[in-house]
Every structure is written in C-alpha cells, then in structure tokens.
Amino acid sequence: EKGGYEQYMLKEITEQPRALRKCLRGRVDEEAEQVSLDLELERESVDRIHLLACGSSYHAALYGAQLFRARGIPAQTFLASEYGDRALAGDTPLVIGVTQSGETADTLGALRAAQAAGAETLTITNTVGSSAARECDHALFVRAGPEIGVAATKTFANQQTALHLLALWLGGGDADPSHIAALRAIPEQVQSILDDDSAREVAAELVDSAAYFFIGRGPQHPIALEGALKLKEISYEHAEGFAAGELKHGPIALVTTETPIIAMVTGDDERARKTVGNVKEVQARGAPVVAVTDGKANVEQYAQHVLSVPETEPEIAALLANVQLQLLAYWIARDMGRPIDKPRNLAKSVTVE
Ligand code: M6R
C-alpha cells in the first residue's frame, strides 16, 4: 500500500501536487477572482485572531498569522500547551486550532479553554469527524488524505494553502489576479521540485555533519523551524531553525566548518538582501551553505549547494522552499538508515498533555 515507495514519508511528499489540487478545488474562482469557503462564519465580525497548535502545525500557524496580518487582521500564534489562561481578556478573538489529526490533546485542551471563555472557534484539520472538527464551531478541512508517516509533510503544505485561502476569504474574498494565479500554480510548481534530484545529492554530501542550522526571514522563518524539526525527528541529528536576523545574537557561536547552514533566500527584496548578508557571515566562518533559492538574490555565489525553487509570490515561496527541506530531511535520514516512518519515541497523534 506504499505504492512502490520504501517509506510512507516519500510517498506522501510525492502526493503533494494532488493533495494541493484537492485543497484548492472549488475554493478559488479564477474568473471571478474570488476565494469562496463553505464556512458559516460572519467574516465581518472577525477583528482579531489567535492561532493555537503544536509541532509542525504550530509552524503552519506561525506562517498563517503572517498571512492574516498582511491582510490587516491582527493575529497571534500560541503553542497550544502554553495557551492556558492566556490573553482571552476583553473582546474574544476568533480562535483557530490548527491540527492535522484533530486529536492532539494540547490543542483540544486549549480550544476547550477558549470556548469556555466564550470565544468562537474554528479548526483547520485534515480529519473529518475528529474531536476538533466536532467540537469547534467551524471546520476548514485541508483535504490532504490520510498521512501515515509520523513526519507531517503533505498535511503541512495543505495547512499552509488552507490558511492562505482563509486569509483571503476573511479579507473579503477578492484577490488580485496575480495572487489567484500564484495559488493555482502551486501544485505544478511543487511537482517541478519533486522532479529535481538535487536534494538527494546535497543530502549525500551533508550526512555526518555535527549539526544543521536553518535560517529564514518573514514567511521563511517558520519554514526554517519546520525544516529543522523535520530533520531532527527522522534523522536524530541536532538541527535548529532560527530567524536569520537572530544568528548574530547568539547562535553564530555554534557555527563551524562542520555545521551546514540551510538558508532560505527567495525574492530580491530587503529581506532577501539581509539574509544574503547573514549567509556571507557564516560562509566567512567556513560553514557549508545550502541556499534554497529562486535565484533572484544572487545568493548562489556564497553557497556550496543550491536547492532551486520556482519564482512566485513571497508567501508562496515559503511553501515551495519547504518541499526542498522535506526532501533534504528524507534523504539525510535515509542515508543514515533511520526508521523514517516510525521514529523512536514519537507517535503520529499525541493524545496526552
Ligand atoms: O495532529 P496535529 O497536527 O495536531 O499534530 C501536532 C504535532 O504533533 C505534529 O505536527 C508533529 O509535530 C509532526 N508529526 C511533526 O512532523
């Protein structure tokens, strides 16, 4: 049932174009330049948002909060296990629980606390009929299909896409044609990354490193966190993600010739230029650099390895970069002979607090 794949994780990474098409289907109308969602939520009443989640879903939620804020809706992300008696004073926000399984105890606990405080709740989940879907006032399904590998892959990409759709919908549903076209192009662009063997080659060069550091800015910051989580959970190697700007405030002390830096540099705006500056700093210290880039900021000259992503809008570039990181993590773990689908000590769905 692994469809010829050695591991579910690789199968699920490969399924992403199809899963993403399902997430978009019927929700994006190119002609009308509209996003429509089957939600009975009064969007005019939403004036601020709290997002709650754990693990990879937390990284998707961090990314989502940036999308809401960019459309003028104040949004804050919390680790579900830290939400507790937090921040519900005054006007209650719309509380969004992002959870693949819909059964994560920490996330359910935080959602229940929010409901008890009178907040309206929405879950972004992959699982129809899950506790989150049943208990929340509203549910937006990400439609990724079943995910068996412990590492979240296709469900993360679909969470990112669902968050995009929700941000556009809450912002009134209208989207400019270039944004709609960029959303529609995601499945095909992900396919072009899957057709590229570079991550496998780069993984072979990086195996046996002392530690792996991931850096990114803006929408690429949660992707740096997610890339590090993916690598550590399936390879058991030390991996950390940082906001690129934070490197010089401490983590750079860890950088040596044995610590590859995986840097997400997309677009050619101020953020990309600053991240190129950070790349130069680590390169000067002899660290091998892997640039995940669309080529626009000319970071290649400071990198030993390049993982390419197609050009798109800045927020969507973060979804594409993550696919290269999934492949990189997979091939490093595979080269190390790790039990990728069932890493030690981990469960697919964490039903204890
Ligand atoms: O089912 P959920 O999305 O609520 O699960 C949350 C985390 O346990 C989960 O994302 C975990 O971090 C991933 N398996 C990591 O790949």
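D208 counts as exposed because its relative accessibility is 66%, where exposed means over 50% relative accessible area, buried means under 20% and partly exposed lies in between, as found with a 1.4 Å probe and protein chains only. The structure is a predicted model, in which local features need pLDDT of at least 70 and side-chain atom pairs count only at pLDDT 80 or more, whereas totals for chains, interfaces and linings use all residues. Residues are numbered from 1 along each chain as its sequence is written, and side-chain values use heavy atoms, with hydrogens and water left out.

D208 is located in the loop between α9 and β8, where helices (H or I, at least four residues) and strands (E, at least two) are DSSP runs numbered from the N terminus. Although D208 is not a glycine, its phi is positive, at about 80 degrees. Most residues other than glycine have a negative phi. R143 likewise has a positive phi, near 60 degrees, and is a residue other than glycine. The loop that holds R143 runs between β7 (138–141) and α7 (154–170), and R143 counts as partly exposed because its relative accessibility is 34%.

The helix that D208 follows is α9, which comprises residues 198–206 and in which S198, A199, V202, A203 and L206 are buried. The packing partners of the buried residues of α9 are the strands β8 (212–216), β11 (289–293) and β12 (305–308), together with the helix α12 (314–335).

Within helix α9, A199 is buried, with a relative accessible area of 1%. When neighbours within four places in sequence are left aside, A199 is in contact (heavy atoms within 4.5 Å) with L307, Q324, L327, L328 and W331. Between A199 and L51, which are 148 residues apart in sequence, the C-alpha to C-alpha distance is 32 Å.

L206, one of the buried residues of α9, is also among the contacts of P260, which, apart from neighbours within four places in sequence, include S209, A211, Y212, F213 and P288. P260 itself is placed in the loop between β9 (239–243) and β10 (261–265), and it is buried, with a relative accessible area of 0%. A spacing of 199 residues in sequence separates P260 from A61, and their C-alpha atoms are 27 Å apart in space.

Q100 occupies the loop between β5 (94–99) and α5 (105–116) and has a relative accessible area of 14%, which makes it buried. Residues up to four places away in sequence not being counted, Q100 touches S57, T125, N126, T127, E147, T155, Q159 and K348. L24, in helix α2 (residues 16–24), is buried with a relative accessible area of 8%, and, on the same exclusion of residues up to four places away, it touches T161, L165, L183, R184 and P187. The C-alpha atoms of L24 and N278 are separated by 36 Å, the two residues being 254 residues apart along the chain.

For the protein chain as a whole, the secondary structure comes to 12 helices and 12 strands. Its radius of gyration is 19 Å, close to the 20 Å that the globule rule gives for 353 residues, so the chain is as compact as a globular protein of that length; the radius is taken over C-alpha atoms, and the rule is 2.2 Å times the number of residues to the power 0.38. The C-alpha trace spans about 55 × 45 × 45 Å along its principal axes. Of the 353 residues, 58% count as buried, and among contacts between residues at least 6 apart in sequence, 75% join residues at least 24 apart.

The protein chain exposes about 14,200 Å², of which carbon and sulfur atoms supply 45%, with areas from the Shrake-Rupley method and a 1.4 Å probe, and with only the protein chains shown counting as cover for residues. There are 33 positive and 49 negative side chains, and the centres of the two sets lie 3 Å apart. In this count Lys and Arg are positive and Asp and Glu negative, while His and the chain ends are not counted, and the place of a charge is taken as NZ of Lys, CZ of Arg, CG of Asp or CD of Glu.
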